[in-house]
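Let's walk through this model together, one piece at a time. Have the sequence and the coordinates open as you read.

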Amino acid sequence: WPPGGPARARGGRAGKSSVSARFDRVFWLGDFNYRVNGNRAIVDKLLAPKEEAEAREAGWASAEECARESLRVLARNDQLGLQMRGGFAFRGFLEGELGFRPTYKFDSKQKDAYDRSEKARIPAWTDRVLFRSRRAQPRDIELHYYASIDELNTSDHRPVLADLSVRYVYDALDEPPESVAEPAVANGSGNKPPHLRRGYSRGGGACVLNDPLPEKAESSGSTKR
C-alpha cells in the first residue's frame, strides 16, 4: 500500500477447522496486547527524534530516513509479526506496514511521552487491524491507508485506522429482488430517495459491488450485462 508497498501475508493459510476459514472476508481489529521484544532503553533510543545534522553525521540521508529505519527495526521485533511469520497466529492474514510509531503505552500526565511510571512499559504496537480473504485474490481486499491518530490523546493508547476497499461478488439468484428501498433522508422535505435496483444475471453471471447496476430488459425480462 502506498507509500510502503503492498500488505504482506504472514504465515500459511488458515486451516479448514479455523473459524476464519468459514467466511469470505474476515477482519480482526482491536487491542491485541502483543509487545516488542527489547528493553526500554534501546526502544527509547530508536524512537528518539534526530536532528537533521545528527542523522547525516550518523550516515543517514536525512532525519526522516533515520526515523523510518528505526521503526523497521522495531517492527522486525514485534511479537505479533514474529508469530504471524512463523505461522503460529492469524495464519493467512494480511497487515499493512507498521509505518507509524508504537501506539502504547503513553504517559497519563505527559500525553506525548511514553510511560514514565515505575513500570516503564516498553512502547509497542498493541492496536492492530488485520484482514483476510478466503480466495486470496489480489484485489479482494485493498489497503489504502494504515496509520495511528496522534492527536487523539485521551487514552494511554493511540487509535489506529485502516482505509480498506472490499471487492465482493454476488452469485446469480433464481429469484432476484426487484429493488431494495433505502431509508428516508432526514432533510425535512419528507422525500424518500430513489429505490436501489439490485441487478442479477439469470444466466449464471454475477454482479460486483460498485459496478454499474444493470438495467432490466422490458421485452424478455432478462437482465442486461
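Start at W28, which is partly exposed at a relative accessible area of 41% (buried means under 20%, exposed over 50% and partly exposed in between, with a 1.4 Å probe and protein chains only). Before going further, keep in mind that this is a predicted model: local features need pLDDT of at least 70, side-chain atom pairs count only at pLDDT 80 or more, and totals for chains, interfaces and linings use all residues. Residues are numbered from 1 along each chain as its sequence is written, and side-chain values use heavy atoms, with hydrogens and water left out.

So what does W28 pair with? Its ring and that of F90 make an edge-to-face aromatic pair, 5.7 Å centre to centre with 75° between the planes. For the cut-offs: rings of Phe, Tyr and Trp (its six-membered ring) pair if their centres lie within 6.5 Å, and planes under 30 degrees apart count as stacked, over 60 as edge-to-face and the rest as tilted. W28 sits in strand β2 (residues 25-31) and F90 in the loop between α4 and β3 (93-95), so the pair ties together parts 62 residues apart in sequence. Helices (H or I, at least four residues) and strands (E, at least two) are DSSP runs, numbered from the N terminus.

F90 also pairs edge-to-face with F93, at 5.7 Å centre to centre and 90° between the planes. F93 is buried, with a relative accessible area of 2%. W28, F32, F90 and F93 form one aromatic cluster.

Back to β2, which pairs with β4 in the antiparallel sense over seven bridges (two strands pair if DSSP finds at least two bridges between them). G30 has R128 as its bridge partner in β4. Strand β4 (residues 127-133) is mostly covered, with seven of its seven residues buried. D127, V129, F131 and S133 point one way, R128, L130 and R132 the other.

Now for a helix. α3 (residues 63-76) has 14 residues, and its buried ones include C66, L71 and L74. Those buried residues pack against α1 (40-47), α2 (52-57) and α4 (79-85).

How far can you trust all this? The protein averages a pLDDT of 78 (the predictor's confidence in each residue, from 0 to 100). Confidence is highest in α4, at 97, and lowest in strand β8 (residues 206-208), at a mean of 44. Where pLDDT is low, the predicted coordinates should not be read in detail.

Definitions and conventions. Expected span 1.5 Å × (residues − 1). Contact = heavy atoms within 4.5 Å.
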